[in-house]
Amino acid sequence: MKKMFKGLLVTVLATTLLAGCGNNANNAGSTNEGASGGEAKSVKLKMFIAQPRFKEHYDKYIADFVAKEKAEKNIDVSVQLEMPTADNAAQILKTRLASNDAPDIFALHAINEIPSYYKAGYLEDLSDQPFAGKLLDSVKPSVTTTDGKVVALPLETLSWGYLYNKKIFTELGLTPPTTLTEMKAVVEKLKSNNVTPFVLSYKEAWIPQLVLPLAAGAIINTKDKDFIDRMNKDEGSFTEMKEMFDIFDLINANGTEKATEVGGDDGAAAFAAGKGAMWLQGPWYAETILKSNPDLDFGVAPLPINDDPNATLINLSASTSLAVSKTTKNKEVALDFMNYVLDDTASNGFFQALKFNPLATVHTYESYPWVNDATAYVKEGKSYQDPAIPQAVKDEVGKGLQAYYAGQISQDDVLKALDKAWKSYNKVNK
């Protein structure tokens, strides 16, 4: 990722919409003379969203929200938006929460993180908020707890596997492979035509870990259906997932160079420039890719991990979701923002600009071509729900696969570390 995003990217979006008054307090509940002559309350809202590549879009949407709060409620809102990288976000957020410095609004992974954060008492119940009634029936369960409470607002719903350059595939007469053997043939055809098969970008640990949910989802749905349940009881082992290294090794042996020096944004630029025909990445990078090359025609296809075509499946999931802190002192404004995210008119433009999938009844824009690609597989029954692997385990596999790629540890070392990480998670979350 570009150097400017290394570490934390913190931006403070402060607006002062007052006339004839230069003394604007920042603390929640303070007031000063408003433009209309009434008392204007000042609120400082802290947000924590690990999507720095979308900073420009969030800044604009937040500015529109700030103007709306002033116009409709005479509240002067200043927003402190903290945007760490995905690799750092989980640990930073845990530190914030443990030290009673919780952001008013923060992003979580719906599948991997909501259950444990809800159990720990960090999440506000949002069930009665207007946005909850706008969520599509296919999306709402991803942010609903086992006891029926909506505790977050989903931003990204995903249908993913890997990305491929349609122009390159068409020119060489290739179609997305359905087995590992077919993928090997595609790789050889690309190489014989002087095309690098894969873009590699492993500088950020969360990228190589993507192979795990793809492999686990395929194996669980074809021959190991109780894997998650057994792991939660300390009765399973990641040795059952060892075949994920077959596709991972194939990708690594046929990819671009210096992978551990290439982050997500640079990987997107390389893929957009045609430096690799495929990229182990999801369509959540669409906006960044198209910013580099607006004319790029790319598709989404399921990743083969073995020679069973029934195991070549699209991953369906909801990922980045916004939650409100249970301890926020700015609940009114925080809830106003959450509802503004699915505003009847403004939400369309926001989600469309981010290249996110429609997920609410207020979203009327057309699905993107890559969404339609994935949907075709889904309609054929070639998909699965993202396996509920704890975030701590995904963090561990990311670091492990980085080290494995660099030749520092073995496959067995990675698998043992994952077993240990899941057992540690179980101890904390009993």
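Which residues does R230 touch, not counting residues up to four places away in sequence?

## R230 and its neighbours

R230 touches D224, E235, G236 and E240, once residues up to four places away in sequence are set aside; a contact here means heavy atoms within 4.5 Å. You'll find R230 in helix α7, residues 227–232. Helices are DSSP runs of H or I with at least four residues, strands are E runs of at least two, and both are numbered from the N terminus. With a relative accessibility of 16%, R230 counts as buried. The cut-offs are under 20% relative accessible area for buried, over 50% for exposed, and partly exposed in between, using a 1.4 Å probe and protein chains only.

A word on the model: it is predicted, so local features need pLDDT of at least 70 and side-chain atom pairs count only at pLDDT 80 or more, while totals for chains, interfaces and linings use all residues. Residues are numbered from 1 along each chain as its sequence is written, and side-chain values use heavy atoms, with hydrogens and water left out.

## The nonpolar core

The largest nonpolar core holds 140 residues, and F238 and I289 have the most contacts inside it. Its largest share, eight residues, comes from helix α6 (residues 211–222). Such a core is a set of buried Ala, Val, Leu, Ile, Met, Phe, Trp, Tyr and Cys residues joined through side-chain atoms within 4.5 Å.

Take I289: leaving out residues up to four places away in sequence, I289 touches L163, A268, F271, A272, W279, L296 and F298. In soluble globular proteins, nonpolar side chains tend to be buried together.

## How α8 packs

Helix α8 (residues 244–253) packs on helix α14 (residues 391–405) at about 50°, and their axes are 12 Å apart. Axes are lines fitted to C-alpha atoms, for helices over the stretch in contact, with angles running from 0 to 180 degrees between N-to-C directions. The two helices are therefore oblique to each other: under 35 degrees is roughly parallel, over 145 roughly antiparallel, 65 to 115 roughly perpendicular, and the rest oblique. On the α8 side the contact uses M244, F245, F248, D249 and N252, and on the α14 side V397, L401, Y404 and Y405. By class, that's seven nonpolar, one polar and one charged.

α8 also packs against α15, at about 125° and with the axes 12 Å apart, which makes this pair oblique as well. M244, F245 and D249 of α8 meet Q411, V414 and L415 of α15. This contact splits into four nonpolar, one polar and one charged. For these classes, Ala, Val, Leu, Ile, Met, Phe, Trp, Tyr, Cys and Pro are nonpolar, Asp, Glu, Lys and Arg are charged, and the others, Gly among them, are polar.

## Helix α3

In α3 (residues 110–119), A110, N112, E113, I114, S116 and Y117 are buried. The buried residues pack against α2 (86–98), β5 (105–109), β12 (314–318), β13 (320–324), α14 and α15 (411–428). Just after α3 comes G121, with a positive phi of about 85°.

## Positive phi in two loops

N194 isn't a glycine, yet its phi is positive at about 60°. N194 sits in the loop between α5 (180–192) and β9 (198–199), and is exposed at 75% relative accessibility.

D234, another residue other than glycine, has a positive phi near 60°. D234 lies in the loop between α7 and α8 and is partly exposed, with a relative accessible area of 39%.
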